[in-house]
Amino acid sequence: MTTTVSPPTPAGQWSKVRNELQQLWHTELRDSNIRAAYVVCAMTGTAYGMVTAVVAVYLNKVRGIDTPTIGVLAMFFAAGIALFSVPMGKAIQRFAPRMVLSLGLLGYATATAIFPFLATLLGLGAARGFDGAFSVGVWVSLETVLLMRTTTAHRGLITSLYTISMSTGYAIGAVIGWIVMLIYPMPMVFVAAGLFASLAALIAYVFLDRDIQPIAGSGHGHEHADEAPKPEAASERHPPILKLYWRIKTACIPTFCYGYFQASMVLFLPLFLINSRGVKEEDTVFLVAFFSIGMAASVVFVGRLGDRYGHLKTVRSLVGLGVVLTASLVYLPTLWLVAVAVLFAGASLAPIWPMSLALQSLIVDPRDFSRSNALLNGSYGLGTLAGPLVSGFLFKHYGGETMFLHIAVLWALALLATLAFRRDDPSFRAIAHARARAAV
């Protein structure tokens, strides 16, 4: 007897998402650690949003710093992420997520609050570097809490909600920053952001468990139930950092490309449109909004796809779209066609982060979540550091078209990596194992 299944309607998809979220609310999301992590994440995003909305304007209009120097200061932030990601992962493994998260937020709050009162470029650069270093401690701590306290069955959805929580905070922070500027001098926005981060640190310290342990079902969700667990050597329980990176390379490579793409597009897409398409400068500010809208509209659905059909397979599809969308920017003649491409880029490329986060968590042991999360964040930081350097050189000497095409080539290489190393995906191994048993 055969059963005919009708294709799902958009309303049906939303209903499934709603039902799954309601189910999560009564299971994993009942965990006080998860709820506290989301609250802290949103508040941290609010602090970031306040600063991001005004930092370039403050440096340029108030301090008189030119655009290239502002770009260099942004690279200090990326360098802080890249250099301190691995040490932060080790610190979390030694001192627990709550301690590193609380101290990281206090450190970020201090560096942010004093930023507008620093008199020299060296001081501003150092503050931005510490911003990045403390930020990566915050991100890795939050992600470690979420992965340790959730099962693999909903890992993609949980990490997607984490992304939405952070991005919602960014949006709220931008509004609050604008309101603060209407009432007080612009430096007070940085002080207010520091106060938000300090309050988030207090909430983290009070409401998170002192020693957070993995729950049952939080790791190796695709291992075969009929296989007896094998004793692990000490080096396997906590593998060297390079060996750990090699295990999760299929998550780190797309994440590096996403950081590279994001940092390059923010800086150079508006300039390309102004110089090559005659777009007015004020019209380019809407591109960030289009990217954010695309991300918000798709990230939950992409998370469910990853949980259902495999995270590496989902990442591979997203990366393939990255090749097409990035290359299309060379040929689209009008601002609104570019805006549509940016909308789809937000919908397809922004979810790479939560999907990569979920993917690597299925490969490593829960005891190594802090270090693997650190490597993932470090990959993103390296991308945001290398992207502006290489893209800026190509943009200056060979034009915007060459710059976009070289990023499309980078996405294509990442696509090849997800194919070449597909055996790293636990779901791929599970399918291969099932087929081998069926053939016997």
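Predicted model: local features only at pLDDT ≥ 70, side-chain atom pairs only at ≥ 80, totals over all residues.
Residues are numbered from 1 along each chain as its sequence is written, and side-chain values use heavy atoms, with hydrogens and water left out. Local features need pLDDT of at least 70 and side-chain atom pairs count only at pLDDT 80 or more, whereas totals for chains, interfaces and linings use all residues.

**Overview. Helices and burial in the protein.** The protein has 17 helices and 0 strands; these are DSSP runs numbered from the N terminus, with helices being H or I of at least four residues and strands E of at least two. Of the 440 residues, 52% are buried (under 20% relative accessible area; exposed is over 50% and partly exposed in between, with a 1.4 Å probe and protein chains only). Among contacts (heavy atoms within 4.5 Å) between residues at least 6 apart in sequence, 87% join residues at least 24 apart.

**View 1. Helix α10 against helix α14.** The axes of α10 (residues 249–276) and α14 (residues 352–363) come within 8 Å and cross at roughly 160°. Axes are lines fitted to C-alpha atoms, for helices over the stretch in contact, and angles run from 0 to 180 degrees between N-to-C directions. The two helices are therefore roughly antiparallel to each other (over 145 degrees; under 35 is roughly parallel, 65 to 115 roughly perpendicular and the rest oblique). On the α10 side, the contact is made by Thr-250, Ala-251, Pro-254, Thr-255 and Tyr-258; on the α14 side, by Ile-352, Trp-353, Ser-356, Leu-359, Gln-360 and Ile-363.

**View 2. Surroundings of Thr-250.** Thr-250 is found in helix α10 and is buried, with a relative accessible area of 2%. Leaving aside neighbours within four places in sequence, Thr-250 is in contact with Leu-312, Leu-359, Ile-363, Ala-417, Phe-421 and Asp-424.

**View 3. Surroundings of Ser-160.** Ser-160 lies in helix α6 (residues 155–183). Its relative accessible area is 0%, so Ser-160 is buried. A polar atom of the Ser-160 side chain lies 3.0 Å from the backbone oxygen of Val-299. Beyond neighbours within four places in sequence, Ser-160 is in contact with Val-299, Val-300, Gly-303, Pro-354 and Met-355.

View 4. Met-75 has its place in helix α3 (residues 67–95). Met-75 and Pro-388 are 313 residues apart in sequence and 8.2 Å apart in space, C-alpha to C-alpha. Not counting residues up to four places away in sequence, Met-75 touches Leu-385 and Leu-389.

Conventions. Polar contact = N/O pair within 3.5 Å; in protein donor to acceptor, adjacent residues only side chain to side chain.
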